Number of protein chains: 2
Amino acid sequence: MSTQATRTYTDLNPSPRLLLGPGPSMVHPRVLRAMATPPVGHLDPDFLVIMNEIQELLRMVFETTNQLTIPISGTGSAGMEAALCNFIEPGDPILICVNGYFGERMVDMAGRYGAKVHRIDAEWGDVFSASQVEEALRSSKAKIVAIVHAETSTGALQPLEEIAEVAHKHGALLLVDAVTSLGGLPVAVDRVGIDICYSGSQKCLSCPPGLAPITVSPRAEEALRARRSPVANWYLDLTMVQKYWGAERSYHHTAPINMNYALREALRLVAEEGLEARFERHRRNARMLWEGLEELGLTLHVPESRRLPTLTTVRVPDGVDEAAVRRRLLEEYNIEIAGGLGALKGKIWRIGLMGHSSRPENVLTLLGALKWIL
Amino acid sequence: MSTQATRTYTDLNPSPRLLLGPGPSMVHPRVLRAMATPPVGHLDPDFLVIMNEIQELLRMVFETTNQLTIPISGTGSAGMEAALCNFIEPGDPILICVNGYFGERMVDMAGRYGAKVHRIDAEWGDVFSASQVEEALRSSKAKIVAIVHAETSTGALQPLEEIAEVAHKHGALLLVDAVTSLGGLPVAVDRVGIDICYSGSQKCLSCPPGLAPITVSPRAEEALRARRSPVANWYLDLTMVQKYWGAERSYHHTAPINMNYALREALRLVAEEGLEARFERHRRNARMLWEGLEELGLTLHVPESRRLPTLTTVRVPDGVDEAAVRRRLLEEYNIEIAGGLGALKGKIWRIGLMGHSSRPENVLTLLGALKWIL
């Protein structure tokens with residue numbers, strides 16, 4: 001085999017897309033610039049300061065005082081796996097609430113770590129009540145209750161306060177997927193009483209994909225310390241990762257330096273805007289989108305009472321080729337939206353207005369293009 | 001807790017370091033610019049083309065025709081874990097050759113996946129002979145022989161050809177850590193007969209940390225298909241990841257888009273330089289470093305016959321405070337080198353000349369600074 005490339009490769013030149021799918025979202029130019037800063041080493045005193053700042057900023061956006069608040073060195077699914085594998089030992093009972101694709105994924109992952117999985121199901125687009133969770137916990141005890149805050153596959157927003165109370169009453173830790181909510185609507189880890197919460201960098205934080213913020217309550221940290229067996233996943237083992245992010249600064253794996261530069265800048269933008277203003281912006285632009293879609297005669301999949309402001313699901317009208325519409329949006333207008341996953345494949349479109357993508361001009365562009373196509 | 005940040009954060013401004021440690025290495029400006037390109041979606045037709053190009057370029061640098069050749073979405077240690085967890089089922093026997101920190105890490109990881117680990121040990125700085133490996137395989141059969149090509153903790157270069165023959169003769173797959181060799185010296189996967197080989201983006205490929213190239217031979221793919229149990233790690237499960245990188249293009253996890261932009265550009269630079277020219281540059285600059293260090297009266301830890309051109313280990317002279325020297329290099333000259341790990345902690349310095357860091361002007365700067373300090 002030749003050691004020379006067999007052909008030449010052009011300059012990188014991807015199309016200038018308007019990202020209105022379920023992530024990644026648009027990235028602010030300041031974040032792209034920060035990411036392109038020449039890297040320093042992962043144990044450089046300058047990087048240790050940056051790590052501290054990232055932890056402070058993540059606590060601000062999670063609304064928590066949890067010491068163990070860090071970005072996992074992988075995309076959102078690595079955050080999900082870190083949230084599960086660190087707190088599951090073989091045979092541990094876990095209750096997983098499944099009302100979409102990502103609840104299913106938690107079932108798959110938890111099984112691989114030997115958990116005794118008890119699942120409850122709701123329709124894709126519905127949410128769970130605290131009494132459903134309590135009934136499940138009465139019928140079989142659980143160490144962890146796992147639930148998705150913002151189901152990216154359905155567009156449903158899961159209320160958490162009462163479920164947190166129920167979980168704690170029954171001695172369980174509450175584990176929450178906030179991939180499509182963190183930075184776009186209140187997650188409020190400490191106020192709600194979430195014990196383990198993870199997200200992804202590329203949704204409402206508007207950083208490129210590659211990091212997964214996670215926060216762990218003191219109670220969950222205690223459960224981590226009480227493990228009898230090592231964590232069955234080396235890369236995501238928080239007992240070791242926290243020694244790098246904590247006072248010891250001992251080497252575990254090489255942190256993705258430039259991704260952390262980007263995350264710091266993305267979080268700095270969140271801090272400058274302020275969480276409340278940011279949440280209000282997401283709500284305002286979502287309402288504008290919903291009204292526009294309904295004016296086009298389209299039906300929204302989730303009732304307004306439990307509809308996510310960050311990700312809207314729209315039913316595909318009868319007789320419309322959903323993939324063809326997406327293809328035309330992409331090819332003719334450079335706009336990305338997504339189709340359905342799993343049970344909703346072919347039945348809905350998914351439109352994200354997350355972080356830097358949540359802007360009124362983007363809503364107008366999409367509505368205009370949809371009107372033209374439909 | 002307030003939703004406003006409690007303080008302001010300055011513009012990102014890390015020190016302009018000369019990275020001459022064991023990684024990350026310096027990143028070419030073209031790679032930083034490519035990384036700062038606005039992202040497209042992970043299923044965008046434009047991104048699918050980029051994925052294909054990355055796979056072609058990775059095959060070029062691994063010198064392989066292996067279909068399953070992709071970047072794992074994590075740093076080098078995630079590559080190591082992917083290489084192990086996909087080919088280990090509980091009870092599988094594995095022979096691990098340990099002559100440094102990263103061999104030890106493989107033992108830790110393999111144990112977590114339930115492997116029956118048989119380890120053989122050599123001094124840190126030594127390498128293994130094929131007859132040592134064969135003796136171990138005669139005393140107990142193994143499904144996998146795992147070995148480190150370029151031990152980042154010791155600076156030793158492990159010859160692989162004869163060990164590959166021995167492993168195959170005994171029906172084992174050869175698994176090789178090429179973290180500190182890929183792109184800096186010949187790895188030649190197909191010629192040598194390596195079945196599973198992984199690396200990191202941030203060493204001789206001079207891309208920021210965050211991706212771990214891996215390649216899997218048809219024989220190892222067959223072993224993957226023959227598994228009786230699911231891979232015990234969801235994020236790194238190649239049976240699913242390969243469906244995203246292969247013809248199906250089915251969603252698994254959101255790829256780190258901008259990291260892949262960076263890797264493509266870093267690999268394009270490798271292709272433009274040519275592998276042979278790149279290897280020769282690494283050898284030439286290493287020899288310049290070695291001569292200069294010996295002129296300063298320093299002793300190199302590894303004999304020249306098995307010394308890595310990409311990472312040089314130097315013994316700390318008696319009476320010299322090794323950490324103080326590193327601190328002065330960093331604070332006074334903005335130069336990063338590293339100390340020893342594990343058994344060599346406090347006893348050696350580690351100097352990397354990898355990828356874009358391997359330049360004669362960098363060698364001169366370091367030698368000048370060392371002369372001034374010592």
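1. Buried here requires 20 or more other C-beta atoms within 10 Å of the residue's own, exposed stands for 12 or fewer, partly exposed lies in between, and C-beta atoms are placed from the backbone. Strands (E, at least two residues) and helices (H or I, at least four) are DSSP runs, numbered from the N terminus. Please keep in mind that this is a predicted model, where local features need pLDDT of at least 70 and side-chain atom pairs count only at pLDDT 80 or more, while totals for chains, interfaces and linings use all residues. Residues are numbered from 1 along each chain as its sequence is written, and chains are lettered from A and ligands numbered from 1 in the order in which they are written.

2. Which residues cover the two faces of S6(B)? On one side sit B:Leu173, B:Leu175 and B:Asp177, on the other B:Leu174 and B:Val176, and all are buried. In a regular strand the side chains alternate between the two faces of the sheet.

3. The neighbours of S6(B) are worth a look too. Strand S5 (residues 144-148) of chain B pairs with S6(B) in the parallel sense over five bridges; strands count as paired if DSSP finds at least two bridges between them. B:Val148 has B:Asp177 as its bridge partner in S6(B). From S5(B) the chain crosses through helix H6 (residues 161-169) of chain B to S6(B), a right-handed β-α-β crossover. Right-handed says that, with the strands pointing away from the viewer, the path from the first strand over the helix to the second runs clockwise. S6(B) also pairs with strand S7 (residues 196-198) of chain B, in the parallel sense over three bridges, and B:Leu175 has B:Ile196 as its bridge partner in S7(B).

4. Now for a helix. In H9 (residues 238-245) of chain B, the residues B:Leu238, B:Val241 and B:Trp245 are buried. They lie on the same side of H9(B) because they cover an arc of only 60 degrees around the axis, the arc being that of the directions from the helix axis to the C-beta atoms. The buried residues of H9(B) pack against helix H2 (45-62), strand S2 (68-72), helix H3 (76-85), strand S8 (212-216) and helix H8 (218-225) of chain B. Contact is defined by C-beta atoms, placed from the backbone, that lie within 7 Å.

5. Chain B also has an open sheet of three strands in the order S9-S12-S11, with antiparallel pairing. Its edge strands, S9 (311-315) and S11 (338-339) of chain B, each pair on one side only. S9(B) pairs with strand S12 (residues 348-352) of chain B over five bridges, and B:Leu311 has B:Gly352 as its bridge partner in S12(B).

6. How many residues does each chain give to the contact between chain B and chain A? Chain B gives 70 residues and chain A gives 69. H10(B) supplies the largest share of the chain B side, eight residues. That side divides into 34 nonpolar, 21 polar and 15 charged residues. Nonpolar covers Ala, Val, Leu, Ile, Met, Phe, Trp, Tyr, Cys and Pro, charged covers Asp, Glu, Lys and Arg, and polar the others, Gly among them.

7. Finally, chain A is divided into domain 1 (18-24 + 275-373) and domain 2 (29-271), with bounds from an automatic or database domain assignment. Their C-alpha centres lie 26 Å apart. The contact takes 25 residues from domain 1 of chain A and 28 from domain 2 of chain A.

Note on methods
Two residues are in contact if their C-beta atoms, placed from the backbone, lie within 7 Å.
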